[in-house]
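Here are my notes for you on this one, written as numbered points. Keep the viewer open and find each piece as we come to it.

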Amino acid sequence: MTATIWGYPRGDGSFGIRNHVAVIAAMDNVNPVARRICESVKGTVPVCVAYGRGQFGEDLARHDRVLLNYATHPNVAAVLIVGLEPVTSQRLADAVAAAGRPVRVLDVQSAGGTVEAVAQGIRAAAALVVASSDIERAPMPLSELVIGVECGASDATSGLTANATTGLVADWLVQAGGVVMLSETDEIVGAEASLAARAANPEVAARLLAAVARLEALSAFQGLQLWPLGEDNIAGGLTTVEEKSLGAVRKGGTSPLQEVVGYGEKPSRKGLVFMDAPAPGVENIAALAAGGAHLILFNTGVGNPVGHPLSPTVKITGNPATAQRFADNIDVDVSGILTGGQTLEQAAATLREAMLRVAAGRMTQSEVLGDTEISISRIELGFMRHLREHAPELQP
Amino acid sequence: MMKANLALLIDPGDHVATAFAALAAGDAIAVQAGPAAYRIILRDAIPSGHKFAVTDIAAGGEVRKYGASIGRALCAIPAGAHIHLHNLESLRGRGDRS
């Protein structure tokens, strides 16, 4: 196993495993323009969002941070920003340019409507793709690789097969000097004590426990049971959030926890990092990708097809029935762990190889089929005020 | 007939095992983890992926899997019984009770 992979060098010293030109819709009302530009220009990827308009405070700050982090994602060679009006579009474009990433910008109002905007966008995107296609892969230290780990549509096999396998790969990458982002704050509830016990220092442990306490405070604030499981989780045999969590945290492996970062924030440390972000698949991979994940290992028990448009998302199942029924949407089948054909270590070697091939350019099922989506999680501003007034120690 | 390798006990201290095939009421199931070994006659049908008690659990008692608590028994649960939403509840994030 070589300790070097091949990536696209970026001006900021990072490496990408894809060389996308991202066409980013700054808000939801111009998503169709971004999509039409991408349908006409090979090598582009549309980054479409919900909302972006009528957002305020921490909620707006998160939206803006995630979009900026997509524009400067290591898998993105260049960016076309598409906005509704000039002010917000230019603000985002200026931030992208300041980060050193090639960027063009247009807004639909100044262009005089969507037909003209699409025409301008096609021309700009085509120029960016031609320029970006000159970038050649170069040796990339494995220690530069950042992965996110996620599980969705979990069942009772998840914790015992796919998550355990991913945990071994996570430990391997941490040993090699890379970054593994574990996330899904709702899915460490019940398992947070063992994770906190592995924290590199007391501040990291305190931040992790505060993230969980914040969720329990949200439950009390809303007067709701926070984690009734999904119907597919329940059908798959999972009963409580504690049970789901104890299986879910296995995918992060056993390394010391080096850092806790907020939603869509880029880690500053190597090794195992926790990102405080909600568990639902699309929201979570939206956050992991914004944190700079080159790729995401996404385990599914009952079957969840979705991936992120910028971070290739490797679908893994350990459920033998899902491996057959859902094969079109599965990249790596580790169900042999249950049926007897495969040890956990063999499954991990298979997954590690598949992950390195995806890093080298092999496309994932969700990339090929276009099963990719983004939802940036909203922040409930009333709850933020509640924390400021009643539990300032729990503020993010 | 004794059926083996159809269910998994993860931790020796666990109160539940997980089925990896559809099991029928009356099936005899053997599970083992380290020093803990059980031979259970199932009281209920257990769908694949679902849990059954390997020991009697008192009403209100802690239920353990993965060597940790996964919630509280809503009623007395005898060994061999199916464990799911009808007799096990989560203790976390219960803003509905606050």
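This is a predicted model: local features need pLDDT of at least 70, side-chain atom pairs count only at pLDDT 80 or more; totals for chains, interfaces and linings use all residues.

1. Let's step back to chain A as a whole. Chain A has 16 helices and 14 strands, and its C-alpha trace spans about 60 × 55 × 40 Å along the principal axes. How does its radius of gyration sit with that of a compact globule? For 396 residues a compact globule would come out near 21 Å, and chain A has 21 Å, so the two agree.

2. Now for the inside. Of the 396 residues of chain A, 56% count as buried. Take the contacts between residues at least 6 apart in sequence: 71% of these join residues at least 24 apart.

3. Chain A is split into domain 1 (20-132) and domain 2 (141-369). Their C-alpha centres are 29 Å apart. Where they meet, 13 residues of domain 1 of chain A are in contact with 11 residues of domain 2 of chain A. On the domain 1 side, strand S3 (20-25), strand S4 (44-47) and helix H2 (57-71) of chain A each give two or more residues. H2(A) gives the most, with five residues. By class, that side of domain 1 has seven nonpolar, four polar and two charged residues.

4. The largest nonpolar core is worth a look. In general, nonpolar side chains tend to be buried together in soluble globular proteins. This core has 138 residues, and Ile24(A), Val82(A) and Val180(A) touch the most other members. Its largest share, seven residues, comes from strand S5 (residues 76-83) of chain A. Both domain 1 and domain 2 of chain A give residues to the core, so it lies between them.

5. Zoom in on Ile24(A). Which residues does Ile24(A) contact, leaving aside neighbours within four places in sequence? They are Val47(A), Leu67(A), Tyr70(A), Ala71(A), Val79(A), Ile81(A) and Val82(A).

6. Over to the contact between the chains, which takes 26 residues from chain A and 25 residues from chain B. Helix H8 (202-222) and helix H10 (241-248) of chain A each supply at least two residues of the chain A side. The largest share of that side, five residues, comes from H8(A). Sorted by class, the chain A side has 12 nonpolar, 10 polar and four charged residues.

7. H10(A) deserves a point of its own. Eight of its eight residues are buried, so H10(A) is largely enclosed by the rest of the structure. Among them are Val241(A), Lys244(A) and Leu246(A). In chain A, the buried residues of H10(A) pack against strand S8 (146-152), helix H6 (162-175) and H9; in chain B, they pack against strand S7 (62-65) and strand S8 (68-73).

8. Finally, back to Gly223(A). Is Gly223(A) buried or exposed? Gly223(A) has 10 C-beta neighbours inside 10 Å, so it counts as exposed; the cut-off for exposed is 12 or fewer. Leaving aside neighbours within four places in sequence, Gly223(A) is in contact with Gly95(B) and Asp96(B). Within its own chain, Gly223(A) is 126 residues from Ala97(A) in sequence and 45 Å from it in space, C-alpha to C-alpha.

Key:
Residues are numbered from 1 along each chain as its sequence is written. Chains are lettered from A and ligands numbered from 1 in the order in which they are written. Helices (H or I, at least four residues) and strands (E, at least two) are DSSP runs, numbered from the N terminus. The radius of gyration is taken over C-alpha atoms; the globule rule is 2.2 Å times the number of residues to the power 0.38. A residue is buried if 20 or more other C-beta atoms lie within 10 Å of its own, exposed if 12 or fewer, and partly exposed in between; C-beta atoms are placed from the backbone. Two residues are in contact if their C-beta atoms, placed from the backbone, lie within 7 Å. Ala, Val, Leu, Ile, Met, Phe, Trp, Tyr, Cys and Pro count as nonpolar, Asp, Glu, Lys and Arg as charged, and the others, Gly among them, as polar. Domain bounds come from an automatic or database domain assignment. A nonpolar core is a set of buried Ala, Val, Leu, Ile, Met, Phe, Trp, Tyr and Cys residues joined through C-beta atoms within 7 Å.
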